[in-house]
Amino acid sequence: MPERSDVPTDIAKLSFEDALKELEEIVRALESGKGKLDEAIKSYERGVALKRHCERKLAEAQSRIEKIPLAQDGGIGTEPASFG
């Protein structure tokens with residue numbers, strides 16, 4: 001899967017859970033109001049990239065779920081995944 005240019009490589013490698021955890025830590029730190037302005041700006045920028053990454057991961061998961069077909073008897077069928 002090609003990496004998007006708006007998400008740094010180190011973030012693109014994170015799982016959804018790890019990215020969300022880091023984003024939550026950034027939000028808590030920013031809400032505390034402690035720290036210097038330059039650090040807050042860098043944290044905010046990283047938070048935006050983490051948010052984009054999480055949104056992309058959620059969209060990918062939703063797309064995969066939508067491809068799960070229901071059988072006529074109400075059971076769950078399978079369909080080959082396309083990765084491109």
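So, burial: of the 84 residues in the protein chain, 14% count as buried. Keep in mind that this is a predicted model. The protein chain has 3 helices and 0 strands, and from the N terminus on the elements run α-α-α. On contacts, if you take those between residues at least 6 apart in sequence, 63% join residues at least 24 apart.

Let's go to the helix packing. Two packed helices are described by the angle between their axes and the distance between those axes. Here, the axes of helix 2, residues 16–32, and helix 3, residues 37–66, come within 9 Å and cross at roughly 150 degrees. Angles over 145 degrees count as roughly antiparallel, so that makes helix 2 roughly antiparallel to helix 3. The crossing of these two, helix 2 and helix 3, is left-handed.

Who makes that contact? On the helix 2 side you have Phe16, Ala19, Leu20, Glu22, Leu23, Ile26 and Leu30. Helix 3 brings in Ala40, Ser43, Tyr44, Arg46, Gly47, Leu50, Lys51, His53, Cys54, Lys57 and Leu58. Sort the contact of helix 2 with helix 3 by class and you get 11 nonpolar, 3 polar and 4 charged residues.

Leu50 is found in helix 3, and at 0% relative accessibility Leu50 counts as buried. What does Leu50 touch, once you leave out residues up to four places away in sequence? The answer is Ile11, Leu14, Ala19, Glu22, Leu23 and Ile26. And one distance for you: the C-alpha atoms of Leu50 and Lys21 are separated by 9.7 Å, with the two residues 29 apart along the chain.

Okay, charges. How many salt bridges does a search of the whole structure find? It finds 4, and I'll go through some of them.

Start with Asp10 and Arg46, whose side chains meet in a salt bridge at 3.0 Å, N to O. Asp10 lies in helix 1, residues 9–12, and Arg46 in helix 3, so this pair ties together parts that are 36 residues apart in sequence.

Now, Arg46 has another partner. The side chains of Arg46 and Glu22 meet in a salt bridge as well, at 2.4 Å, N to O. Arg46 lies in helix 3 and Glu22 in helix 2, so here the pair ties together parts 24 residues apart in sequence.

Next up, Glu60 and Arg56: their side chains form a salt bridge at 3.7 Å, N to O. These two both lie in helix 3, 4 residues apart, about one turn of the helix. Glu60 counts as partly exposed at 24% relative accessibility, whereas Arg56, at 13%, counts as buried.

Salt bridges that share partners join Asp10, Glu22 and Arg46 into one network. With Asp10 in helix 1 and Arg46 in helix 3, and Glu22 in helix 2, that's the bit I'd have you look at on the screen.

Definitions and conventions
Residues numbered from 1 in each chain as written. Predicted model: local features only at pLDDT ≥ 70, side-chain atom pairs only at ≥ 80, totals over all residues. Heavy atoms only, no water. Axes fitted to C-alpha atoms, helices over the stretch in contact; angles between N-to-C directions. Parallel < 35°, antiparallel > 145°, perpendicular 65-115°, else oblique. Left-handed = near helix turned anticlockwise from the far one by under 90°. Contact = heavy atoms within 4.5 Å. Nonpolar A, V, L, I, M, F, W, Y, C, P; charged D, E, K, R; others polar. Buried < 20%, exposed > 50% of the residue type's maximum accessible area, 1.4 Å probe, protein only.
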